[in-house]
Each structure stands twice: as C-alpha cells, then as structure tokens.
Amino acid sequence: LDLGTGCGVQVLHLAGRAREVVATDVNPRALRMARLSWALSGIDGVDARQGSLFEPVEGERFDLVVSNPPFVISPRGRFTYRESGFEADGFCHDLVRLAPRFLTPGGTCQLLANWLHVEGEDWRDRVGGWLAGTGCDGWVVQRDVQDPAEYAELWLRDAAEQGTPRYRELYDDWLGWFEATKVTGIGFGWITLHDSGSLDPVVRVEELGQRVELPVGGYVDEVLASVGLAHRLTDEEVLGARLVLAEGVVEERTGPPGAEDPSRIVLRQTRGLRRATQVGTVEAALAGVCDGDYPLAPLLAAIAELTGQDADDLLVRAPDTLRPLIAEGFFHISSP
C-alpha cells in the first residue's frame with residue numbers, strides 16, 4: 001500500500017518488488033497524474049483508489065505500507081499535497097496509530113513525518129507515545145530539527161509566496177500560531193512499525209544527525225531485529241551469547257602522547273547508520289576478541305584477570321553495558 005501516493009513515485013519503486021500494489025490519495029488530480037506517470041514508465045495493474053487515510057482499504061491488510069504523507073504542520077491546510085488540515089501533527093499521529101490494523105503478521109509500515117517540539121515536553125516522549133500500545137515494534141529517527149521561523153520560511157518559499165504581498169501576513173500568522181502553541185521546533189524524520197508478533201514490543205526513539213548509508217531500507221530489518229533482540233535477552237542469555245563484532249566497526253583512541261591508557265575510546269561504524277559510541281576498556285577488549293567462537297562469560301572472566309577487575313562484578317554489570325551495543329548494531333550474536 002502506498003498511502004498518499006501523490007505523483008506516484010513510490011509505486012515506481014514498489015512495482016518490481018510486490019505482486020500487488022494499491023495506491024491511494026485524497027486528491028483525484030494527484031491520482032490522474034500518478035496514472036500518467038505509471039503509464040509512461042510501463043507499469044500497469046496498480047489499484048488506485050481515492051480517499052483519506054485508510055478509508056479506501058478498510059478491512060484489508062498489507063505486507064508493506066509506505067507513505068510520504070502531507071506532514072507539513074501549519075495553522076490551516078491550504079495545500080492538499082503537503083498539508084492535511086489536521087490540527088498540529090495530528091495527521092502523522094493518526095497514521096501511526098491506525099497503521100497496525102492494516103498490516104499482515106510480519107508486515108512493516110514505513111513513513112516520513114514531522115512532529116512538534118513543544119516547550120516543557122521531550123519530543124521523544126511525544127512521538128514515542130504515538131507508537132506505544134500499537135502492539136508493533138517501532139523505530140523513530142529524527143534527522144533534522146528546524147526552528148519555527150526557519151520552518152515557516154521554508155514552506156512559504158516552497159509555495160512560491162516569498163516576495164508576494166501576502167508573505168508578511170502569512171509569515172506572522174504561522175509564527176503567531178507556533179508561539180500560541182508553545183512550539184520550539186519541528187522535527188523531521190522517519191517512523192517504522194513492524195508487526196513482529198511479540199507480546200513484548202519494543203520502541204526505539206533516537207536522533208541521527210550524521211550521514212548514513214543509503215538506502216536505509218536495505219538494512220532496516222537488521223536494525224529492527226537488533227533492537228528487539230537486545231530488549232528481550234535475559235542477563236543469562238547475554239552472558240551465554242557468542243558475540244561478533246559487526247563488519248565495518250573501527251576503534252578510535254584519544255589521549256596524551258605516551259600515556260599508558262587512553263582518555264577516550266570510541267567505537268565507530270563505517271557502514272549503515274554510522275553510529276559512534278564511547279566505551280570502556282572492557283568493551284574495547286571485547287571488540288578485539290569477539291569472533292563468535294566463545295560465549296561472553298569466559299571472555300569477560302579472561303578480561304577481568306588481565307585488567308585486575310573483579311570477575312563476578314564484571315559479569316553482573318556486563319549485560320546492561322552490552323545491550324545498547326547490541327541494539328545499536330556494534331555487536332551481533334552468532335549462532336553456536
């Protein structure tokens with residue numbers, strides 16, 4: 001399902017990867033333009049339907065739902081292609097809350113979204129709350145944040161209204177509305193929902209401002225699997241796991257020249273999401289020896305002996321220290 005297909009560009013990518021594609025849009029003109037685009041590209045058989053949100057597909061389920069929705073947040077919906085007319089970021093909220101009803105078991109929903117940063121509220125709680133209770137594993141990534149003035153200028157320029165007689169009026173109206181609703185910024189990113197069938201779904205909300213390897217869709221399943229696995233592993237399962245350092249992870253050490261120990265050790269991914277995280281000497285040592293041959297517990301015992309640490313204490317602390325590194329893809333778990 002391509003919800004809010006617009007000019008139909010996402011169908012061009014979906015056509016070679018799906019047996020059946022349904023595309024919807026509230027705007028009949030958009031559907032006419034999309035059909036023209038598909039015809040020019042030699043794509044036929046797309047089931048195009050008019051309607052808002054999930055109304056055209058009520059009662060149906062899909063393996064994949066994608067959407068580049070009208071996410072622009074404005075005082076009033078003036079342009080159908082970018083604004084829904086819903087209050088604030090309510091359209092993206094409703095889209096996330098409704099999507100799980102239309103996923104097959106194992107299905108995935110992937111969408112772009114804007115969300116508000118409101119004074120006195122953590123944006124992670126706001127957007128994470130959209131996913132809570134959906135029954136799906138979820139992943140929210142904030143890629144950019146714009147201040148209200150910058151945001152208004154961007155979308156007024158997008159509508160070719162910069163320099164027109166109404167520009168000042170529209171600009172003041174937009175900023176006045178943001179001020180009245182105590183908006184401090186507007187976040188942009190993507191939201192993924194996965195119907196994993198778990199009775200203990202996990203939601204990860206994070207900010208990734210660095211460049212990432214594209215397309216993210218090529219490894220999004222791996223990201224979701226790592227987040228879910230790290231969340232559900234017991235302490236005993238972590239200590240019994242055979243860890244493998246992920247491909248492309250490098251180590252960076254910083255410290256005064258000639259110093260016996262570095263003041264800072266960073267593990268950095270050169271592939272995928274290109275995350276970086278500061279670690280201690282134990283995690284760095286594990287990164288150097290984890291190849292999937294041995295369970296974690298004896299490796300930690302050996303590291304404790306080499307570094308003069310208490311082995312029992314290290315075994316108690318290790319699961320909580322390593323879960324984030326597994327969730328973020330620095331380590332994978334190998335089958336014995």
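**Notebook: strands, pockets and cysteines**

I began with strand E11, where Leu 267 is the bridge partner of Glu 251. The model is predicted: local features need pLDDT of at least 70 and side-chain atom pairs count only at pLDDT 80 or more, while totals for chains, interfaces and linings use all residues. Residues are numbered from 1 along each chain as its sequence is written, and side-chain values use heavy atoms, with hydrogens and water left out.

**Strand pairing**

I took helices (H or I, at least four residues) and strands (E, at least two) as DSSP runs, numbered from the N terminus. Two strands pair if DSSP finds at least two bridges between them.

I found that strand E10 (residues 249-254) and E11 (residues 264-269) run antiparallel and are joined by six bridges. E11 is also joined to strand E12 (residues 276-279), in the antiparallel sense, by four bridges. There, I noted Val 279 of E12 as the bridge partner of Ile 265. The hairpin of E11 and E12 has six residues between the strands, and in this hairpin Gly 272 takes a positive phi near 60°.

I then turned to strand E6 (residues 137-146), which pairs with E8 in the parallel sense over five bridges. Val 205 in E8 is the bridge partner of Val 140. In a regular strand, side chains alternate between the two faces of the sheet. For E8 (residues 203-207), I recorded Arg 204 and Glu 206 on the covered face, and Val 203, Val 205 and Glu 207 on the uncovered one.

**Pockets**

I used a 1 Å grid over the protein atoms alone; a pocket is an open set of points where a 1.4 Å probe fits, with protein on both sides within 12 Å along at least five of seven lines, and lining residues have an atom within 4 Å of a point. Grid points are joined across faces, edges and corners, and a volume is the space filled by probe spheres set on the points.

The largest pocket holds about 930 Å³ of space. I counted 26 lining residues, of which Arg 17, Val 66, Gln 110, Val 216 and Gly 217 are the closest to its centre. Among the elements that each supply at least two lining residues are strand E5 (103-118), E6 and helix H7 (220-232). By class, this lining has twelve nonpolar, ten polar and four charged residues. Here Ala, Val, Leu, Ile, Met, Phe, Trp, Tyr, Cys and Pro count as nonpolar, Asp, Glu, Lys and Arg as charged, and the others, Gly among them, as polar.

The second largest pocket holds about 650 Å³. Gly 4, Gly 6, Asp 25, Thr 80 and Tyr 81 are the closest to its centre of its 31 lining residues. Helix H2 gives the largest share of this lining, three residues.

**Single residues**

I placed Leu 112 in strand E5. Leu 112 and Ile 191 are 79 residues apart in sequence, yet 6.3 Å apart in space, C-alpha to C-alpha.

Thr 134 sits in the loop between helix H4 (123-131) and E6. Thr 134 counts as buried because its relative accessibility is 14%; buried means under 20% relative accessible area, exposed over 50%, partly exposed in between (1.4 Å probe, protein chains only).

**Cysteines**

I found zero disulfides (a disulfide is a pair of cysteine sulfur atoms within 2.5 Å). For Cys 7, the nearest cysteine sulfur is that of Cys 92, 18 Å away. For Cys 92, the nearest is that of Cys 109, 11 Å away. Cys 92 counts as buried, at 2% relative accessibility.
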